[in-house]
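Welcome to this short briefing. Take a moment to look over the sequence and the 3D view, and then follow the notes topic by topic.

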Amino acid sequence: MARRKGQQPEYVVICREFNRKMARIDITVIDSGVTEQLMKGLVMLHMRDPHKRYFLTNKKDYQKYGALMKKQIETMSIQSNKKIVELGGELG
């Protein structure tokens with residue numbers, strides 16, 4: 001289905017945070033209200049605490065591959081997944 005002219009794509013943020021108290025990785029999803037301001041705030045959180053990492057994907061792709069994406073982010077095996085971008089990730 002073709003996108004209407006002027007329609008912005010919708011995004012999903014997948015949050016990967018290391019919970020030190022519980023010694024586990026928590027995966028949460030922000031699937032509404034993803035704005036540029038929110039993304040900048042998440043980048044700032046990552047800069048203050050590198051154990052908090054945030055990844056952006058298209059909502060359409062997330063609806064199709066969400067379970068796989070969450071598992072890839074949890075295990076950090078996303079190197080070959082071109083549908084996921086890390087917010088604030090260092091280029092290298």
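This is a predicted model.

**The chain at a glance**

- The secondary structure consists of 2 helices and 4 strands.
- If you read along the sequence, these elements follow the pattern β-β-α-β-α-β.
- The chain has 92 residues, and 26% of them count as buried.
- Its accessible surface comes to about 6900 Å², and carbon and sulfur atoms make up 52% of that area.
- Among contacts in the chain with a separation of 6 or more, 56% are between residues 24 or more positions apart.

- Strand 1 and strand 3 run antiparallel and are joined by 7 bridges.
- To find a place where residues face each other here, look for Ile14, which stands opposite Phe55 in strand 3.
- Strand 3, covering residues 52–58, also pairs with strand 4 in the antiparallel sense, over 3 bridges.
- Tyr54 has Leu87 in strand 4 as its bridge partner.

**Two histidines to look up**

- His46 is part of helix 1.
- Is His46 buried or exposed? With a relative accessibility of 8%, His46 counts as buried, because the cut-off for buried is under 20%.
- A polar atom of the His46 side chain lies 2.8 Å from the backbone oxygen of Lys52.
- His51 sits in the loop between helix 1 and strand 3.
- The relative accessibility of His51 is 38%, so His51 counts as partly exposed.
- Which residues does His51 touch, once its neighbours within four places in sequence are left aside? His51 is in contact with Arg16, Glu17, Phe18 and Arg20.
- Asn19 and His51 are 32 residues apart in sequence, and their C-alpha atoms are 8.5 Å apart in space.

**Salt bridges**

- How many salt bridges does a search of the whole structure find? The search finds 7, and three of them, including the pair Glu10 and Lys59, are described here.
- In the salt bridge between Glu10 and Lys59, the closest N and O atoms are 3.5 Å apart.
- This pair links distant parts of the chain, as Glu10 is in the segment before strand 1 and Lys59 is in helix 2 (residues 59–75), 49 residues apart.
- Glu10 counts as partly exposed, at 49% relative accessibility.
- Arg53 and Glu86 form another salt bridge, and their closest N and O atoms are 2.8 Å apart.
- Because Arg53 lies in strand 3 and Glu86 in strand 4, this pair ties together parts that are 33 residues apart in sequence.
- Arg53 counts as partly exposed at 25% relative accessibility, and Glu86 is partly exposed too, with a relative accessible area of 21%.
- Lys83 forms a salt bridge with Asp61, where the closest N and O atoms are 4.0 Å apart.
- Lys83 lies in the loop between helix 2 and strand 4, while Asp61 is in helix 2, so the pair ties together parts that are 22 residues apart in sequence.
- Which of these two partners is buried, and which is partly exposed? Lys83 counts as partly exposed at 38% relative accessibility, whereas Asp61 counts as buried at 16%.

Key: Residues are numbered from 1 along each chain as its sequence is written. This is a predicted model: local features need pLDDT of at least 70, side-chain atom pairs count only at pLDDT 80 or more; totals for chains, interfaces and linings use all residues. Side-chain values use heavy atoms; hydrogens and water are left out. Two strands pair if DSSP finds at least two bridges between them. Buried means under 20% relative accessible area, exposed over 50%, partly exposed in between (1.4 Å probe, protein chains only). Contact means heavy atoms within 4.5 Å. A salt bridge is a side-chain nitrogen of Lys or Arg within 4 Å of a carboxyl oxygen of Asp or Glu. Accessible areas come from the Shrake-Rupley method with a 1.4 Å probe; for residues, only the protein chains shown count as cover. A polar contact is a pair of N or O atoms within 3.5 Å; within protein, one must be able to donate a hydrogen and the other to accept it, and residues adjacent in sequence count only if both atoms are side-chain atoms.
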